[in-house]
Structure formats: structure tokens, C-alpha cells
Amino acid sequence: MLVRYIKGRTSEESITLPSKAVRLLERWLEYAELARSHCPPQLRNGLWLWLAYTSRRAGDEGLGPWRYGRPYKSTIVDWSRDAGVADANAAPVVMHRHRIRTTFESHRDRSSWIGSRRSTIDPNHTPGVEGDHYLSSMTESQQNALEDIVERAQGDLLRRGQPPMVLSDEQVADLARQFPQLVSELELDDRAIAELVGGQRDVFVASCADPTAGVHGPKGKPCPARPWVCLLCPLALFTPRHAANLLRMKAFFARQWQQMSAAQFMAVFGHYAQRIEEVLIKYDPTQLAAAATQVTDTDAEIPLLPEESTL
């Protein structure tokens with residue numbers, strides 16, 4: 001038997017088959033031996049011999065159900081139906097042999113591909129195709145955008161590591177005198193300090209040193225961040241008048257924990273839930289006890305979007 005073939009996506013393959021391919025052909029001949037003893041004589045020399053479920057091609061009546069070569073698509077559909085292969089909706093599954101082959105190739109051990117021209121992400125791609133699609137160099141603007149994203153991510157990690165700024169009533173009144181470094185870092189003038197002390201810059205859980213600083217949105221415009229984001233913002237100042245809202249936010253986290261999986265909760269609210277504990281521990285227990293009487297543990301207490309509801 002002389003085997004010579006051309007693979008569709010590459011070039012002509014070697015006539016000398018590898019040992020695994022030879023073994024596969026030998027096993028097929030052993031498997032098909034019984035069928036060859038029952039098929040018509042003119043088909044016994046065909047390599048890929050098979051028995052069709054039905055005869056649907058004109059001129060095949062003399063051969064009956066016996067075939068050789070590539071099977072019909074209808075044969076695969078008939079086999080799938082007779083074998084009872086169905087999906088979740090009890091509908092017959094259409095067998096896509098190309099997908100089965102590609103899935104098999106993607107799960108193969110690729111350690112032996114190193115140094116070979118077949119060392120590609122997808123075994124169906126040539127190195128040239130993958131170089132054009134996956135290894136193209138970035139433009140200068142794309143590189144700058146990527147570096148900017150990395151810098152902002154690193155900045156977020158550093159801000160999360162900073163301790164929260166929780167002030168008592170006396171410390172709020174003497175903000176400029178007791179916290180000169182904070183005033184210089186936030187670039188606060190007398191007017192800004194007066195607005196912070198008077199509550200004109202209050203957000204939900206804190207006072208914001210500069211709502212237009214652009215930390216979480218466009219610079220020069222009001223901050224669009226959600227209420228819990230302020231817990232990790234470097235511009236947030238927590239004062240005694242924010243105790244009730246902090247407890248309302250803590251109750252909101254507790255309700256979200258009950259309706260979300262642990263992995264989902266930690267991915268969305270995990271860092272904020274940890275920070276709120278760090279903030280509340282610095283409050284006077286008497287203040288927290290008095291503020292707790294104002295908390296009803298409902299979504300109406302917090303400015304939420306419809307999709308953030310815990311009902």
C-alpha cells in the first residue's frame with residue numbers, strides 16, 4: 001500500500017509515514033477485515049471501507065450500502081441520531097469533525113514542538129500567519145497607552161496601602177495646625193479647609209479634599225466614583241459626622257455578601273469591605289453606638305443604581 005497525501009493547510013507531506021501513522025493504518029486494516037469479507041468483491045481493495053446507513057446517491061444501487069472513501073454527511077447525522085447523541089434540549093447533536101480535531105490538537109502536549117516550524121499557538125496556523133496576527137509590534141501611541149495603564153494600576157495599589165485619615169471633632173477644627181503635611185499634600189487653602197470643616201465637600205462616606213481632582217474620572221469634572229470607592233481614595237477624610245453612613249455602607253456589604261459568591265464579593269467589594277473595618281476601628285465606640293440607631297439596613301439609605309440593589 002502506497003500512501004501519498006497533501007494536508008490542506010500546509011504543504012505536501014512526506015511519503016514516509018511516522019510509526020504512529022503506520023500503526024494506525026495497521027489497526028484500521030485489522031478492524032475492517034470482517035467488513036471486507038462481506039462487502040462486494042469490487043470494493044475489497046478499497047482502503048477506507050465502510051457501511052452506509054442508507055443509499056442516497058444516484059448510481060449506488062448496485063453497491064448497496066457499502067462505500068469506500070470519504071463518508072457522506074448524512075451518514076454522520078444518521079449515526080448521531082441512532083446512537084442517541086443529544087444536547088441539553090434533547091435535539092440531535094451535529095458532529096463537526098473539524099472542531100473535534102482542532103480541540104484534540106489544542107490539548108496535545110506541545111513540549112516536543114520547541115524548535116520546530118510547527119511551534120505555533122494554533123497547530124492549524126503557519127508561523128508566518130501567527131507572526132502577522134499575534135506578534136505584530138505596537139505603535140508608539142499604543143505603547144504609551146499601555147504604560148499609562150500600568151502606572152495607574154501601580155498607583156491604585158499604593159493608595160490602597162495608605163492608612164485612612166480619620167479625624168475627631170477637635171482635629172477637624174485644627175486641621176491646618178495638626179496636619180500640615182496633609183494640607184500641603186492635598187494643596188488645601190483656607191477656603192478648602194473651611195469647606196471641609198463645614199461639610200460643603202461631603203460625599204457619602206467621607207469628605208473629599210478635591211472632587212474635581214480627576215482621580216477616578218476626567219480631571220476638572222465632578223468625580224463619578226461609586227460611594228464605596230471613596231473608602232480607598234487618598235482624598236477622603238473621615239469625620240464623626242460620617243459614622244452613620246459608614247455603618248450603612250457596612251450593612252450594604254453584608255447584604256451583598258449574602259447574595260454573591262465569596263469569589264465575586266472579594267473581586268468587587270473585598271478591598272472596600274476590609275478598609276471600612278480599618279476606618280470604623282478608629283471611631284469612638286460611643287459615637288458608633290449612637291450612629292447605629294440611625295441605620296435601618298435597607299438600600300434606600302444608600303445612593304445605588306438599579307443593578308446594585310440587594311433586594
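Visitor: What should I know before we start?

Guide: This is a predicted model, where local features need pLDDT of at least 70 and side-chain atom pairs count only at pLDDT 80 or more, while totals for chains, interfaces and linings use all residues. Residues are numbered from 1 along each chain as its sequence is written, and side-chain values use heavy atoms, with hydrogens and water left out.

Visitor: How many helices and strands are there, and what makes a run count as one?

Guide: The chain has 13 helices and four strands.

Visitor: Why is helix 10 called mostly covered?

Guide: Because buried means under 20% relative accessible area, with exposed over 50% and partly exposed in between (1.4 Å probe, protein chains only). Twelve of the 17 residues in helix 10 are buried, among them Leu246, Met249, Phe252 and Arg255. Those buried residues pack against helix 11, helix 12 and helix 13. For the chain as a whole, buried residues make up 30% of its 311 residues.

Visitor: What makes a set of residues a nonpolar core, and which residues have the most contacts inside the largest one?

Guide: The members must be buried Ala, Val, Leu, Ile, Met, Phe, Trp, Tyr or Cys residues, joined through side-chain atoms within 4.5 Å. The largest such core here has 30 residues, and those with the most contacts inside it are Val205, Trp228, Leu231, Phe238, Leu246, Met249 and Phe253. The elements giving two or more residues to this core are helix 10 (243-259), helix 12 (270-280) and helix 13 (285-292). Helix 10 gives the most, with seven residues.

Visitor: Which residues does leucine 231 touch?

Guide: Contact means heavy atoms within 4.5 Å. Setting aside residues up to four places away in sequence, leucine 231 touches Val205, Phe238, Leu246, Met249, Phe253, Tyr272, Arg275 and Ile276.

Visitor: Why is the pair of tryptophan 228 and phenylalanine 269 called edge-to-face?

Guide: Rings of Phe, Tyr and Trp (its six-membered ring) pair if their centres lie within 6.5 Å; planes under 30 degrees apart are stacked, over 60 edge-to-face, and the rest tilted. Tryptophan 228 and phenylalanine 269 sit 5.3 Å centre to centre with 75° between the planes, so the pair is edge-to-face by that rule. It links distant parts of the chain, 41 residues apart: tryptophan 228 is in the loop between strand 3 (207-208) and strand 4 (236-237), and phenylalanine 269 is in the loop between helix 11 (262-268) and helix 12. Both count as buried, tryptophan 228 at 7% and phenylalanine 269 at 5%. Ring pairs also join Trp228, Phe252, Phe253, Trp257, Phe265 and Phe269 into a cluster, and the whole structure has nine aromatic pairs.

Visitor: What makes the link between threonine 310 and arginine 255 a polar contact?

Guide: The rule asks for N or O atoms within 3.5 Å; within protein, one must be able to donate a hydrogen and the other to accept it, and residues adjacent in sequence count only if both atoms are side-chain atoms. The side chains of threonine 310 and arginine 255 meet at 3.0 Å, so this is a polar contact. Threonine 310 lies in the segment after helix 13 and is buried at 15%.

Visitor: What stands out about phi of alanine 90?

Guide: Most residues other than glycine have a negative phi. Alanine 90 has a positive value, near 65°. This alanine 90 is in the loop between helix 2 (73-82) and helix 3 (97-106), and its 64% relative accessibility makes it exposed.
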